[in-house]
Structure formats: structure tokens, C-alpha cells
2 protein chains.
Amino acid sequence: MINITFLPSRKVVQTPVGSTILQAASVAGVQVESTCGGKGTCGKCKVQVVAKNSSLTAQVSLIEKKFLSAAELSAGVVLACQRVLTEDTVVKVQEQKDVHKRKTDFVGLGHAAIAPSVGKYPIKLTKPSVEDQTPDWDRLLASLPVSGIEFNLSVAASLPRVFRVGDFLATAVLDGDKLIAVETGDTSGRCFGAAIDIGTTTIVVYLMDLNRGTVINSGAVTNPQQAFGADVISRITHAANGPDQLRELQEKVIEGLNTIIARLCQESGISRGEIYQAVAVGNTTMAHLFLGIDPTYLAPAPFIPVFSRSVEVQAKELGLKILDTGTVIMLPNVAGYVGSDTVGVMLAAEADRLPGFSLIVDIGTNGEIVLCGKDRILTCSAAAGPAFEGAEIKYGMRAAEGAIEGVRITEDVELDVIAGGKPRGICGSGLIDAIAEMHKIGVITPTGRYASGPVLEELPASVRDRLRKTPRASEFVLVWGDDSATGEDIVLSQKDIREMQLAKGAIMAGIMILCREMGIDPQEIDRVLLAGAFGNYIRKESAVRIGLLPSLPLEQIVTIGNAAGDGAKMALISTEERTRADLLSRRAEHVELSNKKEFQQEFLKGLDFKAMV
Amino acid sequence: MINITFLPSRKVVQTPVGSTILQAASVAGVQVESTCGGKGTCGKCKVQVVAKNSSLTAQVSLIEKKFLSAAELSAGVVLACQRVLTEDTVVKVQEQKDVHKRKTDFVGLGHAAIAPSVGKYPIKLTKPSVEDQTPDWDRLLASLPVSGIEFNLSVAASLPRVFRVGDFLATAVLDGDKLIAVETGDTSGRCFGAAIDIGTTTIVVYLMDLNRGTVINSGAVTNPQQAFGADVISRITHAANGPDQLRELQEKVIEGLNTIIARLCQESGISRGEIYQAVAVGNTTMAHLFLGIDPTYLAPAPFIPVFSRSVEVQAKELGLKILDTGTVIMLPNVAGYVGSDTVGVMLAAEADRLPGFSLIVDIGTNGEIVLCGKDRILTCSAAAGPAFEGAEIKYGMRAAEGAIEGVRITEDVELDVIAGGKPRGICGSGLIDAIAEMHKIGVITPTGRYASGPVLEELPASVRDRLRKTPRASEFVLVWGDDSATGEDIVLSQKDIREMQLAKGAIMAGIMILCREMGIDPQEIDRVLLAGAFGNYIRKESAVRIGLLPSLPLEQIVTIGNAAGDGAKMALISTEERTRADLLSRRAEHVELSNKKEFQQEFLKGLDFKAMV
């Protein structure tokens with residue numbers, strides 16, 4: 001094992017030879033920028049090697065040559081995903097103050113005590129004899145520190161071999177008071193779990209060491225259910241066709257997860273049978289589909305889920321390829337459109353412990369909004385639609401390579417493109433930026449129409465020329481064909497603007513109604529926590545300018561990264577946190593927006609591009 | 001693949017080239033007598049090849065030459081285990097008609113109160129609305145009379161449809177505090193269960209109405225594991241070869257049970273999903289195989305089972321085709337060779353409530369013996385071998401159609417044949433009768449040898465002529481070829497007599513050792529209860545005469561029929577009886593005969609054919 005020290009935090013972590021710096025940082029919980037997951041395509045994971053370490057500084061990969069300047073190379077800057085560790089190292093991580101960088105203002109995992117429900121107990125059994133014909137199962141039970149253990153057929157069936165191969169030295173694996181495995185010999189040093197975040201778009205697995213409470217590997221794939229539509233409604237519609245379609249959707253997501261798990265296991269040198277527990281979060285539809293439960297009645301009012309409390313099932317019931325008898329825990333949801341992912345966010349953000357009033361916003365296909373304060377936790381779901389994820393937008397795309405993620409308009413249009421290079425489309429944060437900038441310079445009016453007349457005359461010609469009439473409507477050219485990856489102009493149409501208006505109007509109405517329910521003005525909010533990938537990418541001043549977020553001083557708006565996943569991790573490594581998740585879901589008061597007569601009014605008010613009051 | 005057709009049933013099965021006829025019959029579910037499991041040592045698996053098929057009829061193996069007469073060979077009779085299939089074939093099988101019309105002295109089911117653990121609760125739910133978004137599962141739980149119900153994924157997944165098809169009128173099915181089903185509408189009038197008796201030779205299912213505590217149908221088939229050998233040791237040996245072989249044995253017995261259950265359901269107009277619980281009994285090996293648990297270490301000393309307490313598993317874990325989420329309960333065993341079948345017998349016989357001293361004997365492949373009194377329950381298992389079931393006896397057969405079940409010798413030999421007609425062989429009760437009668441008239445000596453000299457001169461010529469010398473040994477002709485179904489003489493050889501001596505010697509030794517352990521003489525026993533099919537057929541005076549049972553007045557020897565099955569029925573309809581079964585198995589003190597130094601001495605004493613003292 002190698003010690004790697006991260007500056008400026010001075011965090012030290014042990015990691016096996018052959019890990020990359022990026023993996024070690026993940027284990028240490030040190031945030032290193034990376035949008036490609038270590039594939040070497042984003043060039044964002046720059047870190048500086050501080051200790052003299054020839055093996056690390058020697059070779060510069062082609063990928064590094066592509067992303068790093070000569071000055072950076074000579075200063076010892078490397079890409080964390082490209083450098084494999086072979087000896088003790090000190091690494092300095094770029095402090096991320098620039099709002100444009102993908103960053104998280106805080107990480108919520110630190111405060112969870114390491115006390116998982118899975119425990120391993122090495123046992124030395126006396127050997128049977130004609131004088132002591134105690135059956136294997138009874139012999140095992142007598143040696144365990146817990147009583148009242150229920151019979152487990154698979155475990156019982158494994159005992160004859162496990163006991164005799166190991167000469168009656170074995171290790172019992174308990175999850176709470178459930179016996180889930182018995183292994184030959186003393187295996188207590190190896191104990192793993194999986195935290196799972198099932199997004200409508202992306203599914204992520206974090207492989208964790210339950211003895212140490214650390215993430216040892218993680219991976220993500222696009223949710224294979226995408227084939228049935230980008231949003232939850234299209235998935236529900238497919239599932240409603242019948243049991244075969246429901247099973248198909250379940251199998252898709254399970255297969256996707258199994259693919260990730262198999263890869264993580266291989267990379268980290270562990271077997272799937274050593275993953276004893278999985279804790280999953282996801283929106284309520286994803287949770288139903290993951291469990292194979294019909295989500296049909298989530299779609300129409302009154303939006304009834306089948307369950308809300310946390311659910312525990314055996315992994316083999318789902319076909320999830322961890323230990324067959326391992327437990328899969330789906331954290332509780334709050335309502336049909338406020339899922340366990342939001343509960344995970346609340347857990348990671350410590351929603352029940354924050355002083356004053358806190359607004360937590362997780363914007364994806366839906367916008368889940370939490371307002372806490374005065375010992376209350378209010379939740380609502382605003383049907384924002386998939387516009388923030390680039391869907392329904394002509395040149396919209398997810399925040400992937402080639403997506404315009406930032407826009408500034410001065411003498412001309414300046415763009416930030418993910419992974420550099422020529423743009424292919426625009427993602428949510430780019431859309432917000434573009435609209436905020438166009439609104440600032442008067443290209444679009446507060447009501448969301450492309451301007452005409454005198455206001456345009458004041459613009460530089462290079463900007464003005466970009467606004468053009470087509471036979472159907474106006475549009476604004478963000479990228480001319482010569483500069484785009486496809487050779488096509490990348491434009492924002494009047495319809496695209498409308499989509500964004502509807503989406504942000506829904507979010508704003510949700511925030512306003514929760515504030516009213518709490519009895520406060522938006523200005524009384526002490527902090528806004530932005531969760532999810534989108535929250536990381538967004539430019540706060542743009543979000544405030546168009547009225548997507550309350551107009552607070554920017555330092556009171558903080559990003560908390562994939563807090564849903566952090567919540568799953570916390571619940572995995574700590575039974576106390578899992579109990580707290582249950583408590584949070586019970587305490588949460590759900591406000592059904594569709595049931596509020598003032599919703600329509602707030603929604604209409606929220607359509608205008610202007611700061612929230 | 002080859003097509004093989006079995007007559008008279010006309011069953012056709014596809015089987016790969018290289019299978020034996022015996023294996024094909026097993027696949028087809030066609031019963032072919034075989035007690036050696038295809039090893040070629042019993043010579044019982046005679047079938048007639050009907051289709052002209054040169055490859056099959058060509059070669060006669062040495063084993064076939066040993067067991068088949070010239071007449072049989074020329075008629076196309078072969079041993080099914082010896083013939084490897086290479087092309088399509090038609091084979092005629094001797095049908096074995098089991099006769100189940102045996103009466104017993106008493107049936108123990110009457111005293112069990114009807115209070116099954118399965119209960120049905122009709123519920124009328126309030127319909128969800130935007131004001132009441134309670135999830136389906138929570139809505140259900142709130143309506144139930146029991147709290148602390150665990151989440152059941154299959155049941156939860158069924159709720160959206162069940163609730164809405166039935167307009168929120170439903171019936172919850174609880175097994176104790178486990179929710180196992182929710183059905184549309186009020187179905188509380190229909191509630192069924194299955195009592196299962198897994199014998200080494202025969203498996204039986206009793207379909208019961210749990211509301212009324214009555215048996216509404218029953219059925220039996222030969223245990224399809226027969227293909228792997230007639231006794232438990234050959235089954236254990238097969239299972240010990242590896243997980244695939246173990247699974248094969250499990251699948252065989254589950255398939256057999258599923259065949260019976262499907263037929264009973266069809267005959268009685270119920271669906272398998274209405275069978276909510278099954279309670280099974282069987283010897284400890286059968287119980288292990290039924291559950292898919294490796295029985296390897298039951299075979300060698302110290303004979304360690306994997307479990308002894310009662311086991312509860314979900315039906316779908318076993319593939320048993322009752323309600324998938326229904327519970328299958330295997331009653332507890334006492335030791336490696338005293339199984340839940342014996343616990344069932346104790347339950348039905350009320351072993352814990354009988355006054356004085358009671359001896360309970362269940363003779364099958366093993367002889368399980370129970371001696372109760374003075375608040376103690378002693379058990380032992382005597383390895384009687386399969387002689388009482390007709391195996392290892394040249395003309396031995398199970399108690400099926402054509403079996404000699406009773407013998408009297410006066411002026412000549414008089415026979416009782418099951419179902420009348422010409423005899424085909426002799427079953428256990430016939431053997432005991434034959435030996436007792438031959439012993440009475442002096443044809444065999446107390447030490448078990450065929451007599452010679454003056455004693456024979458006193459016999460009627462018609463009897464004396466039946467005792468004949470062959471080149472190898474003496475034998476007694478029970479049936480002359482003219483009167484037998486096969487045309488062959490049916491004889492009892494000296495070796496057959498020896499097999500019976502060994503079997504009854506083991507039983508007697510077991511009884512003597514239990515008496516000594518209890519501190520009584522056999523004459524102090526107040527009653528003998530004979531359980532099992534064998535107990536029904538036996539002539540009590542013959543059993544006493546040869547010293548298989550203590551010499552009590554015959555009215556103190558009573559048959560109690562399939563008391564193991566009765567025990568399963570009682571545990572199915574009454575939780576109190578199920579608890580009592582657990583108590584009985586815990587209270588039972590097992591005496592391991594192989595561990596008793598006096599066993600060998602008692603065994604040798606027990607070999608003689610004389611009344612027990």
C-alpha cells in the first residue's frame with residue numbers, strides 16, 4: 001500500500017500500487033475536477049506533484065501533452081487520471097474558486113460515523129463427533145454474538161463445504177440480525193458495499209470499503225432505460241403496457257448496474273460476493289422500476305406510489321450481482337415525485353441540522369425543492385421537464401464533451417465548451433447563461449420574446465447579426481457553422497426560449513409556494529444548496545438573473561455536488577444515517593403543487609426572466 | 001435426440017443418444033422398478049422392447065444373462081439400466097399399481113384444533129386522492145389487524161393492479177405476521193394448504209382446506225429420485241458428487257411433488273396460488289435433498305445434519321408450485337437418521353401424552369424407533385436396510401399390485417396377493433409372514449438355516465417338495481411357475497432369509513438398547529404403535545413370532561397408518577401442533593446405536609428367529 005497526501009487539506013490515504021491519483025483522490029474524498037470519469041478526455045483533473053517522485057514525474061502521456069501547457073508540465077502539473085501510483089506521493093490539488101469550474105462547495109460525507117449494518121465475525125468451531133452431533137447450522141448459531149437469527153437456506157446449504165474446507169475456521173457475515181453469508185477462514189479484513197444512484201439519465205455505483213468507510217472505486221453508465229425515453233413519464237408509459245414491459249425496464253437498469261459492478265470488482269480485485277450490501281437512491285419512478293414494481297399510478301393524479309418507507313430485499317430477488325443473499329436497501333421516498341434521491345440530498349446536506357432557512361434545489365428532469373427551517377422540512381416537485389438536460393431544445397445536449405456550458409456576450413459571443421474543441425450543442429448551464437446574457441444586453445425581453453426595433457441598433461454588429469428571422473420565427477446564432485463541430489449553425493430558437501421559460505417558471509413557482517407555506521419571503525432564505533450535476537455547472541449569477549433562484553448574495557448559493565449519491569454512501573456506511581434518512585422522509589411535509597390553486601398564478605409570474613423578489 | 005415411447009401409457013420422451021432406457025424412463029416420469037439405482041445389481045428393471053430395434057436387442061450383457069431367463073431374453077425383455085439408446089424405440093413397462101386402501105387402527109388427526117397460521121382478512125380500503133396520497137403498501141398496512149409486517153416485494157408489486165381491479169376491495173393473506181398475498185375482492189372462503197410426506201420410496205401430498213381442517217384430495221407418486229438408488233445412502237452418494245447432482249436430486253423430488261399438486265389442483269378446481277402453505281416431513285436425508293442442502297456428511301460417522309430445527313422457506317426458493325410467496329415448512333428432525341417423519345409420527349401418536357411406556361416403530365429402509373415414558377422420549381435409528389421394502393430380496397417388491405402380502409402354511413402354502421391375481425413377487429409383510437410360518441413348521445431353524453433331516457419328514461409332501469437344493473444353496477418355492485404372473489417360480493433363498501435376519505436383528509437391537517436406556521424390560525412396554533405403510537400390512541403375530549416386535553398381547557400392538565403424514569397434516573392446520581412438533585424434537589433424546597458398545601452383542605442376539613424376551 002502507498003501513502004498519498006493531498007494538499008492543501010493534508011488528507012492522507014492508503015491506496016494499492018497501481019491506483020491512479022484520481023482514484024486515490026476519490027478514496028480520500030478529495031474533490032478533483034473530472035467530467036469524463038478518468039477516461040482522459042476532459043483534461044480537467046489537473047493536480048501538481050509536490051514531492052520529488054521520479055516514477056510519477058517521468059513519463060508524460062500523449063493525453064497530458066494535449067491538455068497541459070509547457071509551463072504546467074515544467075511545474076509538475078499532471079492529469080490525475082493519467083498517473084499511476086507506485087510510491088508515496090504528495091499532491092497539491094487546485095483550489096476551485098472560479099464559479100465556472102465544476103466544483104462542490106462542500107461534501108457531506110465527512111460527518112457520518114463508520115458503523116455499517118454489515119459486520120464480519122471470525123469463528124473457530126469445535127469439530128463434530130459422535131458425542132457431539134450438533135447440526136452445522138446450530139453449531140454456527142451457538143458461536144455467534146447475536147441471537148434470534150432466522151434460517152437462511154442458501155447460507156445453510158453452503159455450510160457443509162465451508163466448514164470442512166476451512167477445517168471449522170470460518171467467518172460469519174451478519175447484516176443486522178440477518179446472517180447473509182459464512183465464508184471459509186478469517187475474511188474479516190475484506191468487507192465491501194455499493195452505494196447506487198439511479199438517475200433517469202445516468203446510473204452511478206460507488207464501491208465502498210465498509211471497514212474504512214471509504215470509496216474505493218466508482219463508475220457510471222447512461223441509464224439503459226433511455227431507450228424507452230428520456231423522462232420518467234415515457235418510462236412509466238412503457239411500464240404501464242404490461243408486466244413484460246415492466247420487467248424489461250427493470251432488467252435494463254439491473255443490467256446497467258451489473259455492468260458497472262463487474263467492472264469495479266475487476267478493477268479493484270474483489271469478487272461480487274464480497275459486496276454484502278447495496279444502498280440505492282433514485283427518484284420514485286426509478287425506485288419502482290429498479291424493484292420491478294408497477295409505477296403506472298405515479299403518472300396520473302393523485303400520483304400514488306406503491307411504497308414510501310425504505311425497502312429491503314435480497315439481491316437475488318432483483319438479480320443484482322452483489323452477494324446473492326446480500327441486502328439491497330432502497331432509501332425511503334417522500335412522494336411520487338420526491339424520491340429517495342432527494343432524501344439522500346437532505347441527508348448529505350444535513351437538512352435537519354442547518355440553522356435558519358435553507359433552500360435545497362436539485363434540478364434535473366424534475367426540480368425537487370426542499371425548504372427547511374423552523375423545525376419543518378417542506379418538499380415539492382416542480383415538473384420542469386427535461387429542458388435543463390438539453391432535451392426539447394433544438395441543439396440541446398447533456399453536459400458531455402462538446403457541449404456549450406458557459407456563454408458570455410460582450411463585443412461578440414464567447415463560449416466555454418466542455419473538453420474544449422468545437423461545440424456540438426448546448427447543455428443546461430449554457431442555456432441559462434445564454435438566456436441571462438441575451439436578456440442582459442436586451443436581445444430577449446423580460447417576457448422571453450426576441451427583441452426588435454431600436455434596442456438592437458445599440459448592439460455591436462457581430463452580435464446583432466446573430467439574431468435573424470426565419471420563415472417560422474426568430475432565432476439567435478450562438479455558433480456559426482464554420483466554428484461548430486457539425487458544420488451547422490448552433491442556434492437558440494424562440495421555442496427553445498419558451499421551453500426554458502416553462503421550466504424555470506415551474507421551479508420558481510415551487511420555491512414561492514414553499515416559502516409561502518413556511519411563511520417567509522424568498523429573501524429570508526439564509527442559503528441555497530444546489531445539488532446534482534446541473535448544480536455544479538450552473539453560473540450562479542445567471543441563475544439569479546433569470547429568476548431561477550432567489551436573488552441572494554452569491555456566496556450564499558453553494559453547490560453540493562452529487563449529494564444524492566453522498567446520501568446513499570452515508571446510509572451504506574452508517575446505520576445511524578440510514579435511520580436518519582427514514583426520519584427525514586417521515587418528517588418531510590410534501591406540498592402537492594398540482595393541488596395548490598395559487599400554483600398557476602405563481603407559475604405565470606415565474607415565466608418572466610427577472611430576478612425573484 | 002431419440003424418441004422413446006413407453007407402453008402402455010404411450011408416453012413419448014426425447015432423450016440424447018447414449019441414455020439408458022432407465023434414464024429415459026426417469027425423464028418421462030414413467031415408473032420402472034429399480035432398487036440399485038441403475039448399477040446392475042438388483043435385476044428388477046425388466047422392460048420389454050417392443051419395436052424391432054436391432055441395436056437394442058443385439059447385445060445381451062453379462063448382467064442381463066444373470067437376471068433374465070432364456071424365455072425372457074427371447075421375448076425381448078431387457079434390463080432398462082443395461083440398454084443404451086441409439087435410435088427410436090418402443091418399450092413396454094410393467095405397471096406397478098400402488099394400492100392405497102389400507103385401514104389403520106386409529107387416525108391421530110382428530111385431536112388437532114383447527115388454527116392454521118394462515119389467515120385471510122377481507123379489507124375495504126379508502127381510495128387515494130390528491131388529499132390522501134398514502135402509498136398502496138402503507139394504505140394496506142394501515143388496514144390490517146397485525147403490526148410489524150415486513151415488506152414483501154412480490155406482494156407490493158401486485159398491489160396497484162389488485163387494488164384497482166377490485167375497486168379497493170381486497171383480501172390480505174397473512175401467515176403469522178408475514179404478508180404473503182393480497183387478492184382482489186373477498187376470497188376469505190377459500191384457503192388451502194398442502195401436507196407433504198417425502199418418503200425415500202413414495203412421495204405423498206394431501207391437499208387440505210385450512211378453513212375446515214379437512215383433507216380434500218390426496219395423491220402419491222414414486223419418489224423420482226429412485227432412479228439414483230432405492231436407499232438414502234445411494235442418494236447421498238450421488239449428491240456428494242457435486243452441486244449439479246445435488247440440484248438434480250432436488251429437482252426430481254420437487255418435480256414429483258409439482259406433478260401431484262398440479263393434478264390435485266385440477267381435480268379439486270383450485271389454483272396453485274390458493275395453496276398458501278405446505279408442511280413437509282421426511283427422513284433427514286430426504287429433508288436435506290428437498291431443500292437442496294448437501295447431505296454428504298449424513299453418511300459417514302458422526303452423521304452430521306446441516307439443520308435440525310424446523311425450517312421455513314418461501315415456496316419459490318424451492319420451485320414448489322404452490323403460491324410463490326407461500327411458506328414451506330419442513331418439520332424438525334431429531335438426528336441424521338431420525339427425521340421429521342418420525343417427529344410427525346410422534347405428533348400424531350401424541351408421544352408426549354401417552355400413559356405408561358409406549359414403543360413406536362416405523363419400519364422402512366431404516367427402522368426409526370421411539371420409546372416414551374417417565375417423561376422421556378428416546379429415539380434411535382436401526383439400519384434395517386431395504387429388505388422390508390423388497391430390495392435385496394430376489395423376488396422382493398414393493399407393496400404394489402401382484403405382491404404377496406400374506407402367507408400361511410398348513411397342508412400347503414396359502415397366499416394373499418395385493419389386488420388378487422397371480423403373484424409377481426413378495427413384499428415386506430409377506431416376507432415376515434413367510435418366515436414366521438416356515439419357522440413355525442420347522443422349515444427354517446431358529447438360527448435361520450433351511451432345515452434338513454427328520455423334521456422335514458413330518459411335513460405334508462406338498463410343502464416338503466417346495467424346499468429344494470440348488471447348486472448354490474437351498475430355497476423354498478412360494479409359488480410355482482404355473483401360478484406366477486411371470487411364469488417363473490417365486491422362491492425365498494437362503495440369502496433372502498439372511499437379509500431378513502440382519503434387518504430384524506437391527507430393529508430388535510434398537511428396541512433392546514432403548515429399553516435398557518429407559519431402564520425397563522421389553523415386557524414392561526404398555527403398547528406398541530406401528531407406523532407407516534409397512535405397519536399396516538404386517539401380521540402382528542408373525543412379527544412377534546420372529547422377534548421383530550416385543551411379545552406383547554396382540555391387542556397392545558396397534559397400527560397407526562401413515563402417522564408421519566398425519567403429523568404433517570396436524571402441523572398444517574394447527575400452529576399449536578407445529579409448536580408441539582418443535583418441542584417433541586427438542587425433548588427427544590437421540591441414542592446413537594453406532595456409539596453403543598453393547599449394540600453388536602444385542603444385534604447378534606437379535607438375529608435368531610424367536611420371540612423377544
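Across the interface of chain A and chain B, the rule finds two salt bridges, a salt bridge being a side-chain nitrogen of Lys or Arg within 4 Å of a carboxyl oxygen of Asp or Glu. One of these is formed by A:Asp138 with B:Arg309, whose closest N and O atoms are 3.8 Å apart. The structure is a predicted model, in which local features need pLDDT of at least 70 and side-chain atom pairs count only at pLDDT 80 or more, whereas totals for chains, interfaces and linings use all residues. Residues are numbered from 1 along each chain as its sequence is written, chains are lettered from A and ligands numbered from 1 in the order in which they are written, and side-chain values use heavy atoms, with hydrogens and water left out.

The model scores ipTM 0.81 and pTM 0.80. Chain A averages a pLDDT (the predictor's confidence in each residue, from 0 to 100) of 89, and 93% of the residues score at least 70. Over residues 96–108 of chain A the pLDDT is below 50, although this stretch has 46 contacts in the model beyond near neighbours in sequence, contact meaning heavy atoms within 4.5 Å.

Chain A and chain B each bring 39 residues to the contact, and the area buried between them is about 3,300 Å², of which carbon and sulfur atoms give 65%; buried area is the accessible area (1.4 Å probe) that two parts lose on being put together, summed over both. In chain A, the residues that lose the most area to chain B are A:Gln133, A:Leu153 and A:Val306, together 19% of what that side buries. Between the chains, 12 residue pairs are in polar contact, both residues being at pLDDT 80 or more; a polar contact is a pair of N or O atoms within 3.5 Å, where within protein one must be able to donate a hydrogen and the other to accept it, and residues adjacent in sequence count only if both atoms are side-chain atoms. Helix H5 (136–142), helix H6 (153–165), strand S13 (311–314) and helix H10 (315–318) of chain A each supply at least two residues of the side that touches chain B, helices (H or I, at least four residues) and strands (E, at least two) being DSSP runs numbered from the N terminus. The largest share of that side, five residues, comes from H6(A).

A search of the whole structure finds 58 salt bridges over all chains. In chain A, A:Arg516 pairs with A:Glu602 at 2.2 Å between the closest N and O atoms, linking helix H15 to helix H20 (residues 599–606) across 86 residues. A:Arg516 is partly exposed, with a relative accessible area of 44%, whereas A:Glu602 is buried at 3% (buried means under 20% relative accessible area, exposed over 50%, partly exposed in between; 1.4 Å probe, protein chains only). Helix H15 (residues 494–518) of chain A also holds A:Gln501, which is buried at 3% relative accessible area and whose side chain reaches the backbone oxygen of A:Thr447 at 2.9 Å.

In chain B, B:Glu64 forms a salt bridge with B:Arg83, the closest N and O atoms being 2.9 Å apart; B:Glu64 is buried at 1% relative accessibility and B:Arg83 at 2%. A further salt bridge joins B:Asp433 to B:Arg539 at 3.0 Å between the closest N and O atoms. B:Asp433 lies in helix H12 (residues 428–441) and B:Arg539 in the loop between helix H16 (532–537) and helix H17 (540–545), so the pair ties together parts of chain B that are 106 residues apart in sequence.
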